[in-house]
Every structure is written in structure tokens, then in C-alpha cells.
Amino acid sequence: LNGLTTITPEVAEALAKHEGWLSLEGLTTITPEVAEALAKCDGDLTLDGLSKITPEVAEALAKCEGNLSLNGLTSITPEVAEVLAKCEGWLSLNGLTELNSVALAKALTKHEGGLSLNGLTTITPEIAEALAKCEGELHLNGLTELNSVALAKTLAKCEGRLSLNGLTTTTPEVAEVLAKCEGQLHLNGLTTITPEVAEALAKHR
């Protein structure tokens, strides 16, 4: 239903009775009442048309029990991030191109489900340190380079699944460090690897 640009709480209530994926990408803004109704849906909820949300809307959407996609958000406050982190399913925020504070990163990692931040193309060591505390899956597929061994070592502290599918190549030194990641490690973007890199990655358990 991505053609809908506005809906009333009554319509939202009716749509939420749908058992399955509900996509409303045409909505660019919603009220807390509409968000409250939509969050009752028995499946995944996609609202990628929203470019900003209030803490009240975030609080309502966080009650969604399925996966929540808000890829239209280009920036959020730590306050909103902390509220959204309460959602039970996958939280997709691929519209964020930077995390401008450690407080924001820490707020997001309170989320216990999968966290997708594929819009980030670079991260600082401080942000990486915060994100590595994520207990669920962490997707950082927007990173196309990871040349810093120190940064790789920080990300490898992630206990859940770590996805770095944006990397097309890596060094033996970085591979050695990433292989120490306790959870699953996804490097599906690698197009070529040397025997040294292969040997290092093979140590991952």
C-alpha cells in the first residue's frame, strides 16, 4: 500500500489486522495515534517514507513485535534511538549516513534484535566501540574499506552476527583480527582473497 500518503487512526487500526508484512512507504509523516495503531500489526512494518519522527511516534512504533524498517530517517536523536531500541524485531535504519555521537550509538545498541545500519560508510573508533556492544546481529554493509587493524579489532568484539558485506577486499592483518569475532562473520562482498587472507579467515569458529 505504498501509494497511500495519509491515513487516519481508524484506517491504521483496520490495516493492522493484516497478518503479514505491511508496507506503507508513501507515508511521510504520522501521528502518535496512527503509529500506535500500526504497531499492533502481526508482522513486519515498513515505513521508509518517514524522514523524521518524534519521540512520541517512536514510542508507539517500538511496540511493533515484528521487524521495523525506518530507512527514510536520515538523522535521529539519542532519545529517539533509545526508544526505538525497545522494538522486539529487526530494526532497520539504513538511511542514517553517520552517527554523530557516542551517545547515539550506545542508545541503538540497547536493541537486542538485529540492527541494520547499512547507510554508514565510515565509522570512528569510538562509534565502533559502542556498536560492538550490540547483542544481536549488526549489519554495517555500507563500509567499503576497513584498513585499520585497531578498528577491525574493535568491531570483532561484537558477540552477535557481524555483517560487513560492503568490503570487496581485505588484508591478512585485518582478516586475522576479524576471525576472532565470536559470532557469525559475513564477508560476502569479497571478490578476491589471497592465500594469507584465506588462512586467517579459516581460523574463525
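**Entry 1: β1 and β2.** I looked up how β1 joins strand β2 (residues 45–46): two bridges link them, and they run parallel. L22 stands opposite L45 in β2. I noted that two strands pair if DSSP finds at least two bridges between them. Helices (H or I, at least four residues) and strands (E, at least two) are DSSP runs, numbered from the N terminus.

**Entry 2: the model.** I am reading a predicted model, where local features need pLDDT of at least 70, side-chain atom pairs count only at pLDDT 80 or more, and totals for chains, interfaces and linings use all residues. Residues are numbered from 1 along each chain as its sequence is written, and side-chain values use heavy atoms, with hydrogens and water left out.

**Entry 3: the sheet.** I traced an open sheet of eight strands with parallel pairing, in the order β1-β2-β3-β4-β5-β6-β7-β8. β1 (22–23) and β8 (185–186) are at the edges with a single partner strand each, so one side of each has no neighbour in the sheet.

**Entry 4: E19.** I found E19 in the loop between α1 (9–15) and β1. E19 counts as exposed because its relative accessibility is 67%. My cut-offs are buried under 20% relative accessible area, exposed over 50%, and partly exposed in between (1.4 Å probe, protein chains only).

**Entry 5: A105.** I placed A105 in helix α5 (residues 102–108). A105 has a relative accessible area of 0%, so A105 is buried. I then checked K133: A105 and K133 are 28 residues apart in sequence and 9.6 Å apart in space, C-alpha to C-alpha.
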